[in-house]
Amino acid sequence: MAKSYQTGKHLEAFILLLISQHQLHGGAIIAELKSLLPASWTIDDGHVYRLLRQLEKDGALTSTWLVEQEGAPVRVYTLTAAGKERLRGWRDDIQLRVESLQRFLDLWREPK
């Protein structure tokens, strides 16, 4: 049985990054996450929507309703200046983690 992983703490970073590239609604964000992240990562749709609401409450995102001729209206998210700063913080944090993990892999030897 393959091990599955929760996106956990870094889900926010991925959401901010996707929205920085173009305006998206929740369903499109979930679809992009599922196509972008490894299949072993599980994405909780409800957690994505709760996180979007929290990011908007925190001022990192704004949203508008998009009403098209067909289908239900969707809430489209845009990154704010505060969101861009938060995303830069994630980039710095992830870069440090990548460097640390690479050091681990560089030192790795199979245990005896």
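Start with the aromatic rings: a search of the whole structure turns up two aromatic pairs. To count as a pair, rings of Phe, Tyr and Trp (its six-membered ring) must have their centres within 6.5 Å; planes under 30 degrees apart are called stacked, over 60 edge-to-face, and the rest tilted.

Select Phe-14 and Trp-41. Their ring centres are 6.2 Å apart and their planes stand at 90°, so this pair is edge-to-face. Phe-14 sits in helix H1 and Trp-41 in strand S3 (residues 41–42), so the pair ties together parts that are 27 residues apart in sequence. Helices (H or I, at least four residues) and strands (E, at least two) are DSSP runs, numbered from the N terminus. Phe-14 is partly exposed at 24% relative accessibility, and Trp-41 is partly exposed too, at 28%. Here, buried means under 20% relative accessible area, exposed means over 50%, and partly exposed is in between (1.4 Å probe, protein chains only).

How is the aromatic pair of Phe-104 and Trp-108 arranged? It is tilted, with 5.9 Å from centre to centre and 35° between the planes. Trp-108 has a relative accessible area of 45%, which makes it partly exposed.

A quick word on what you're looking at. This is a predicted model, where local features need pLDDT of at least 70 and side-chain atom pairs count only at pLDDT 80 or more, while totals for chains, interfaces and linings use all residues. Residues are numbered from 1 along each chain as its sequence is written, and side-chain values use heavy atoms, with hydrogens and water left out.

**Next stop: the sheet**

Switch to cartoon view and pick out S2, S5 and S4. In that order, these three strands make an open sheet with antiparallel pairing. Two strands pair if DSSP finds at least two bridges between them. Strands of a sheet pair through backbone hydrogen bonds, either parallel or antiparallel. Which strands stand at the edges? They are S2 (24–25) and S4 (61–66): each has a single partner strand, so one side of each is left without a neighbour in the sheet.

Now zoom in on S4 and S5 (residues 74–79), which are joined by six bridges in the antiparallel sense. For a landmark, find Leu-61, which stands opposite Leu-79 in S5. Then look for helix H1 (residues 11–21), which lies across S2, S4 and S5 and runs at about 90° to S5. Axes are lines fitted to C-alpha atoms, for helices over the stretch in contact, and angles run from 0 to 180 degrees between N-to-C directions.

**Zoom in on Ser-63**

Stay with strand S4 and select Ser-63. Is Ser-63 buried or exposed? Its relative accessible area is 19%, so Ser-63 is buried. Its side chain makes a polar contact of 2.7 Å with the side chain of Glu-56, and another of 3.0 Å with the side chain of Arg-75. A polar contact is a pair of N or O atoms within 3.5 Å; within protein, one must be able to donate a hydrogen and the other to accept it, and residues adjacent in sequence count only if both atoms are side-chain atoms. Leaving out residues up to four places away in sequence, Ser-63 touches Glu-56, Arg-75, Val-76 and Tyr-77. Touching, or contact, means heavy atoms within 4.5 Å.

**Over to helix H2**

Colour residues 26–36, which are helix H2; Gly-26, Ala-28, Ile-29, Ile-30 and Leu-33 are buried there. The buried residues of H2 pack against H1, S2, helix H3 (45–57) and S5.

**Last stop: salt bridges**

There are eight salt bridges in the structure. Each is a side-chain nitrogen of Lys or Arg within 4 Å of a carboxyl oxygen of Asp or Glu.

Select Glu-12 and Arg-86, whose side chains meet in a salt bridge (2.7 Å, N to O). Glu-12 is in helix H1 and Arg-86 in helix H4, 74 residues apart. Glu-12 is buried at 12% relative accessibility, whereas Arg-86 is partly exposed at 28%.

Finally, slide along H4 (residues 81–107) to Asp-93 and Arg-97, four residues apart, about one turn of the helix. Their salt bridge has its closest N and O atoms 2.8 Å apart.
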